[in-house]
Amino acid sequence: MVQVTATELKNNLGKYLKKSEFEDVYVTKNGVIVSVLSNPNQSRLQLLNDLKGIAPDINMTDDELRNERISEI
């Protein structure tokens, strides 16, 4: 988690926009969190990362996928 003051955000907006692509950036004012910068696609990226190693290889043919699913039954 990255925490930054509103003034720091204002002075270095580009830096924190880039950081927000990969992690949430919490903006504080007078020590209180007032906003969060986050990537709207982050939940999708996290889902894909969670599926890594579970989901079948994307380059598999339909026959290979079918055979893999049949073998699991």
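Me: Which residue in β2 is the bridge partner of Val 2?

Reply: Val 25 in β2 is the bridge partner of Val 2. Strands here are DSSP runs of E, at least two residues long, numbered from the N terminus. The model is predicted: local features need pLDDT of at least 70, side-chain atom pairs count only at pLDDT 80 or more, and totals for chains, interfaces and linings use all residues. Residues are numbered from 1 along each chain as its sequence is written, and side-chain values use heavy atoms, with hydrogens and water left out.

Me: What makes β1 and β2 a pair?

Reply: Two strands pair if DSSP finds at least two bridges between them. Four bridges join β1 to β2, so they pair. The two run parallel.

Me: How do you know that β2 and β3 pair, and in which sense?

Reply: Five bridges link β2 (residues 25-29) to β3 (residues 32-37), in the antiparallel sense.

Me: Why are β1 and β3 called edge strands?

Reply: The sheet is open, with three strands in the order β1-β2-β3 and mixed pairing. β1 and β3 each pair on one side only. Neighbouring strands are turned by 35° against each other on average, direction ignored. That angle is taken between axes, lines fitted to C-alpha atoms, with N-to-C angles running from 0 to 180 degrees.

Me: What makes up the largest nonpolar core?

Reply: Six residues: Val 2, Val 4, Leu 9, Tyr 16, Val 25 and Val 27. To qualify, Ala, Val, Leu, Ile, Met, Phe, Trp, Tyr or Cys residues must be buried and joined through side-chain atoms within 4.5 Å. Buried means under 20% relative accessible area, exposed over 50%, partly exposed in between (1.4 Å probe, protein chains only).

Me: Why is the link between Glu 21 and Lys 18 called a salt bridge?

Reply: The rule asks for a side-chain nitrogen of Lys or Arg within 4 Å of a carboxyl oxygen of Asp or Glu. Glu 21 and Lys 18 meet at 3.7 Å, N to O, so the pair qualifies. By this rule the count comes to one salt bridge.

Me: Why does Glu 21 count as partly exposed?

Reply: Glu 21 has 34% relative accessibility, so it falls in the partly exposed band. Lys 18, at 49%, also counts as partly exposed.

Me: What makes Asn 30 stand out?

Reply: Asn 30 has a positive phi of about 55° although it is not a glycine. Most residues other than glycine have a negative phi. Asn 30 sits in the turn of the β2-β3 hairpin, which has two residues between the strands. At 78% relative accessibility, Asn 30 counts as exposed.
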